[in-house]
Amino acid sequence: QVQLVESGGGLVQPGGSLRLSCAAFKVIRTPYIMGWYRQPPGNQRELVATVTSGGVTNYGDSVKDRVTASRDTVRNTVDLQMNSLKPEDTAVYYCNLVHRTASRDYEYWGQGTQVTVSS
């Protein structure tokens, strides 16, 4: 079973920066997409960023000018650099890995890391 281990969450002031990291273990199906989603309080989970094995990125509309996702395919990691953080960025951030086949998706989630943007 794939394991995703996240780190880097915490409390940051508005306008500040934060870097999240996620490492994947026991990955046997390739290629796969890695990325980040978030779930603000009382809201549904939403896309932050994904990165394909080839390095193609996709960003959520609410963050795409302020975040950069990067992936290391050798170490099986994906990082998320977030800048100019706003209070509305407060959420639990989840690492995601998905391997897509013609018949089904194999999708895995991390346990989540809390990001709180507040003064």
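The paragraphs below go through this predicted model from its overall build to single residues. Residues are numbered from 1 along each chain as its sequence is written, and side-chain values use heavy atoms, with hydrogens and water left out. Local features need pLDDT of at least 70 and side-chain atom pairs count only at pLDDT 80 or more, while totals for chains, interfaces and linings use all residues.

The protein has zero helices and 11 strands. Helices (H or I, at least four residues) and strands (E, at least two) are DSSP runs, numbered from the N terminus. The C-alpha trace spans about 45 × 25 × 25 Å along its principal axes. A compact globule of 119 residues would have a radius of gyration near 14 Å, and the protein agrees, with 14 Å. That radius is taken over C-alpha atoms, and the globule rule is 2.2 Å times the number of residues to the power 0.38.

Of the 119 residues, 42% are buried. Buried means under 20% relative accessible area, exposed over 50%, and partly exposed in between (1.4 Å probe, protein chains only). Among contacts (heavy atoms within 4.5 Å) with a separation of 6 or more, 54% are between residues 24 or more positions apart.

The largest nonpolar core has 28 residues. Such a core is a set of buried Ala, Val, Leu, Ile, Met, Phe, Trp, Tyr and Cys residues joined through side-chain atoms within 4.5 Å. The residues with the most contacts inside this core are Leu4, Met34, Trp36, Leu80, Met82 and Tyr93. Among the strands that give two or more residues to the core are E3 (18–25), E4 (33–39), E8 (77–82) and E9 (91–100). Leucine 4 touches, among others, Cys22, Met34, Cys95 and Trp109, not counting residues up to four places away in sequence.

The bond links distant parts of the chain, with cysteine 22 in strand E3 and cysteine 95 in strand E9, 73 residues apart. The torsion about the S-S bond of cysteine 22 and cysteine 95 is about -85 degrees, so the disulfide is left-handed. Both cysteine 22 and cysteine 95 are buried.

The loop between E8 and E9 holds threonine 90, proline 87 and serine 84. Threonine 90 counts as buried because its relative accessibility is 16%. The side chain of threonine 90 reaches the backbone nitrogen of valine 117 at 2.9 Å, which falls under the polar contact rule (a pair of N or O atoms within 3.5 Å; within protein, one must be able to donate a hydrogen and the other to accept it, and residues adjacent in sequence count only if both atoms are side-chain atoms). Proline 87 is partly exposed, at 45% relative accessible area, and touches Pro14 and Val117, not counting residues up to four places away in sequence.

Some backbone angles remain. Most residues other than glycine have a negative phi, and most peptide bonds are trans. Serine 84 has a positive phi, near 50 degrees. In the loop between E3 and E4, lysine 26 also has a positive phi, near 65 degrees. The peptide bond from threonine 30 to proline 31 is cis, with omega near -5 degrees.

Definitions and conventions
Disulfide = S-S within 2.5 Å.
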